[in-house]
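Student: I would like to learn how to read strands and packed helices in a model. Can we work through one together?

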Amino acid sequence: MKRIWMKLALAFMAVGASGILMSALFSIKEMEIHFSMYVDEVREQQHRDLVAAAREAYSMDNGWGKSADVQLDAVSHVLGVEVLLYDREQRLIKRYGNHPLFRQADAVEKLPVTLDGHVVGYLAVRRYEESPMRGVEAHFRQAHASAMLWTMLVLLGLVVLVSVSVARTMTRPLVRISRAALDAARGKLSVRVPPVRGNDELADLVGSFNHLIASLERQEELRKRLTSDIAHELRTPLNTLLAQTEGMIDGVWEASPEHLEATRAEVLRLIRLVSDLDQAIRAESGVLEMESRPLDLSDVAETTADSMSAAFAKKGVALEKRLRTRAMIAGDRQRLGQVFANLLSNALKHTPPGGRVSIEVHKSGDDVHAVVKDSGSGISAEDLPHVFERFYRGDRSRNRERGGAGLGLTIVKGIVEAHRGEIRIDSEPGAGTTVTIRFPTLPHADRGGDGQDSESNGNGRA
C-alpha cells in the first residue's frame, strides 16, 4: 500500500512531467516554424544576391561570358550548390558546381535575370544533402534537439526531487497526527504533534488536533477526579452510618432520639449529595426543568438576600443590596433563587468576619445584569478556569463543611445558560471575587422606574 507522500509526490511528478513535455513539444514546434522561416529568408536573399551577381557579370561582358563563369562558379562553390545558367529562351548554357558526390538535389524554379527591364537569362539553384548549408541546418536542429533533451532530463530530475521533498514536507504533519492518534487510542493522551510553521490549513489542523488531545486529556483527568470525588463524598457519610449502625447493633451506641437524629442527618446529607449531583448532570446536559414566566430579577435577588441576612449577621459580614426595580426577565423564580442563594453562600464562606458582600441588579441596554461581589480570599489564576467543573475545589485540603461537594457553581452555570444567560467570574487572590450574570431582558417589559434604585445595608455586621 502506497504511502500518502508517495501518492502526492507521484501526482506532482505527473503534473510536472506533463508540463515539461508539453513545453518541449511547443518549443520544438515553434523553433521549427521560425527556423524554416529563417532558412527561407536566407535562401531568398541568396537568390537575390545570385541574380544581382549574374546581372553584373552579364553587364560587364555584354553577354554571358567569362565574368559570368567566374562569378557563378565562385558562388556555387561557396554556397555548396549547383547553379544552372539558361539564356533568354531557357536553353541551358552551363552548369556550375556540379559535384559528382552529390546524390540528390531539390528542384528549384528558374529565377529570371533582368537588365533594363528585359530578361537576359535564367538561373536555377539546386541544393544537395551534403551541401555546407544543409550540414549547418542539420547541425542546428540536432543541437537544439539535444539541448531540449538535456533540459528536459534536468527539469524532470528537479521535478522528482522537489516533488518528493514537498510531498514529504506536506504530509509529515499528517503522518505525525496519524501516529499521535494511534497513541491516543492506546491511552497515551500526553502525546502532542509539533507545531507547523506558517498559517495554513496544516498548521490549523495540527493546532486543532493538539487542542482535541488536550481536551481529551483534561476530560480523562476530570473523569478520574469525578470518580474519586464521588467515592470520597459518599464514603464519609456511609462510614458514619455504618459506624453508628454497628454501634447500635453491638449495644455500644444507644438508639436514642439524639443518635437516631444524627443518623438521619447523614442520610439527608447523602440524599442532598445525590440530588446535587443529579442536578449538576442535568444542568450540564441542558435538561433541567424550567418555567418561563415574567419576573422581576431584583425581587428574586432581594428575597434571597433577605432570607440569608441572618447568616451574614451571625458571621459579622456586611451584606449590601443595590437593586434596580423592574428588571424584568423571563425565567424560573425558584431556580434563579437557587442561583443567588448559591452565589451568596459561596461569598459568605470565603469572606472573613468584618468583610463585605454586595448584590446588585441593574439594566444595561437590552440586558439585565446581576453582580455578586465579595471582599474575601479570592480565587487563584490556576483555579479560576475550572470553578464551574463538577467537584472542583481549588483547595483540596479544606474541610468539606466549608468546601462543599463542588457542585454548586456547576448547577448555577447550567441554570443561567438555561435562561439564555451568561456567567463570568473575575477574581484576584486576596482582593475578592466578582460574579457577573447577564440575562436578556423581557421584550416589551414595562420600563417605568428604571431610574429608581433601592439600596440598603440590611443586616450588616453583627
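This is a predicted model: local features need pLDDT of at least 70, side-chain atom pairs count only at pLDDT 80 or more; totals for chains, interfaces and linings use all residues.

Student: In what order do the four strands of the open sheet lie, and with what pairing?

Tutor: First the general idea. Strands of a sheet pair through backbone hydrogen bonds, either parallel or antiparallel. Here the order is β2-β1-β4-β3, and the pairing is antiparallel. From one strand to the next, the twist averages 25 degrees.

Student: How many bridges join β3 and β4?

Tutor: Five bridges, in the antiparallel sense; strand β4 covers residues 118-127. Look at leucine 115: histidine 118 in β4 stands opposite.

Student: Which helix lies across β1, β2 and β4?

Tutor: Helix α2, residues 66-79. The helix runs at about 45 degrees to β2, and β1 spans 81-87.

Student: Now the helix pairs. How do I describe one?

Tutor: Two packed helices are described by the angle between their axes and the distance between the axes. Take helix α1 (residues 4-61) with α2: the angle is about 160 degrees and the axes are 7 Å apart. Angles over 145 degrees count as roughly antiparallel, so α1 and α2 are roughly antiparallel to each other. Their crossing is right-handed.

Student: Which residues of α1 and α2 make the contact?

Tutor: α1 supplies Gln46, Leu50, Ala53, Ala54, Ala57, Met60 and Asp61. From α2 come Lys66, Ser67, Ala68, Gln71, Leu72, Val75 and Leu79. By class, the contact of α1 with α2 has nine nonpolar, three polar and two charged residues.

Student: At what angle do α6 and α7 pack?

Tutor: About 30 degrees, with the axes of helix α6 (residues 297-315) and helix α7 (residues 333-349) 9 Å apart. The crossing of α6 and α7 is right-handed. On the α6 side, the contact includes Leu297, Val300, Met308 and Phe312. On the α7 side, Leu336, Phe340, Leu344 and Leu348 are among the residues met. The contact of α6 with α7 divides into 12 nonpolar, three polar and four charged residues.

Student: Is the crossing of α7 and α9 left-handed or right-handed?

Tutor: The crossing of α7 and α9 is left-handed. Helix α9 covers residues 408-418, and the angle with α7 is about 145 degrees, with the axes 10 Å apart. Arg335, Gln338, Val339, Asn342, Leu343 and Asn346 of α7 make the contact with Gly408, Leu409, Ile411, Val412, Ile415 and Val416 of α9. Seven of the residues in the contact of α7 with α9 are nonpolar, four are polar and one is charged.

Student: Which residues does glutamate 422 touch, not counting residues up to four places away in sequence?

Tutor: Val416, Thr436, Ile437 and Arg438.

How values were computed. Residues are numbered from 1 along each chain as its sequence is written. Side-chain values use heavy atoms; hydrogens and water are left out. Two strands pair if DSSP finds at least two bridges between them. Helices (H or I, at least four residues) and strands (E, at least two) are DSSP runs, numbered from the N terminus. Axes are lines fitted to C-alpha atoms, for helices over the stretch in contact, and angles run from 0 to 180 degrees between N-to-C directions. Contact means heavy atoms within 4.5 Å. Angles under 35 degrees count as roughly parallel, over 145 as roughly antiparallel, 65 to 115 as roughly perpendicular and the rest as oblique. A crossing is left-handed if the near helix is turned anticlockwise from the far one by less than a right angle, and right-handed if clockwise. Ala, Val, Leu, Ile, Met, Phe, Trp, Tyr, Cys and Pro count as nonpolar, Asp, Glu, Lys and Arg as charged, and the others, Gly among them, as polar.
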